[in-house]
Amino acid sequence: MSRTVTASKFVGTVSLGLLTGLSYTLSTTIVPPLLALPTATPAHSTFRHLRALTSRHQVLFSTLSASSLVMAYLLSPSRLRHPYMLWASLAVGLGWGGEAYATVKRRVSRNRTGSEDAITAGQKAKRAVREGSWTEDEEWISEDGNVNGEVVREGMDGWRAKQGIKAGVWGLGWAVAVVGLWGDGA
């Protein structure tokens with residue numbers, strides 16, 4: 001049983017560290033070169049691909065981290081049940097909290113306003129920049145059918161800032177987990 005707990009703590013901490021490193025690298029080294037691309041069309045397509053891959057990996061690492069740390073907490077004997085495992089898991093959840101809140105808020109507002117058909121493409125683009133959501137390609141496309149470079153730049157800047165915040169929150173959780181592991185002697 002103690003090997004399972006130790007392995008769970010280790011896997012949770014390592015995956016939280018990878019999650020932190022992924023977000024930090026995205027915000028500091030990957031998005032800035034995309035902003036320097038000469039036209040909006042390659043930046044848009046590259047950024048769409050990057051977002052899809054990032055989301056997939058962040059979900060994987062956050063699920064692995066949170067579930068491993070919570071499992072280690074639940075399987076630990078009561079005298080070894082330290083709350084740092086829950087605090088680190090909470091940091092994983094906080095990293096996703098803003099996106100979950102924005103998604104719920106957007107769905108509620110859609111249900112209140114009714115159909116999205118009455119909103120023009122320009123209004124969708126402005127709302128996407130304001131809310132930080134870029135889930136539909138229509139929001140990137142201007143009314144004449146071209147990719148809107150200003151919206152792409154604003155979208156990338158907003159997404160980059162979100163990744164920096166996530167890296168900070170997840171980094172704090174990782175630090176808590178490392179100090180907790182060190183204190184446990186595991």
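In this predicted model, helix α1 (residues 2-35) packs against helix α5 (residues 149-184) at an angle of about 155°, and their axes are 8 Å apart. Helices here are DSSP runs of H or I with at least four residues, numbered from the N terminus. Axes are lines fitted to C-alpha atoms over the stretch in contact, and angles run from 0 to 180 degrees between N-to-C directions. Angles over 145 degrees count as roughly antiparallel, so α1 and α5 are roughly antiparallel to each other. The crossing of α1 with α5 is left-handed, a term used if the near helix is turned anticlockwise from the far one by less than a right angle. The contact between α1 and α5 has 16 nonpolar, nine polar and six charged residues. Ala, Val, Leu, Ile, Met, Phe, Trp, Tyr, Cys and Pro count as nonpolar, Asp, Glu, Lys and Arg as charged, and the others, Gly among them, as polar.

Ser-8 lies in helix α1. Is Ser-8 buried or exposed? Ser-8 has a relative accessible area of 5% and is therefore buried (under 20%; exposed is over 50% and partly exposed in between, with a 1.4 Å probe and protein chains only). Apart from neighbours within four places in sequence, Ser-8 is in contact (heavy atoms within 4.5 Å) with Ser-68, Leu-69, Met-71 and Ala-72.

Thr-41 belongs to helix α2 (residues 40-75). With a relative accessible area of 49%, Thr-41 is partly exposed. Thr-41 and Asn-146 are 105 residues apart in sequence, while their C-alpha atoms are 8.1 Å apart in space.

Residues are numbered from 1 along each chain as its sequence is written, and side-chain values use heavy atoms, with hydrogens and water left out. Because the model is predicted, local features need pLDDT of at least 70 and side-chain atom pairs count only at pLDDT 80 or more, whereas totals for chains, interfaces and linings use all residues.

How values were computed. Helices (H or I, at least four residues) and strands (E, at least two) are DSSP runs, numbered from the N terminus. Angles under 35 degrees count as roughly parallel, over 145 as roughly antiparallel, 65 to 115 as roughly perpendicular and the rest as oblique.
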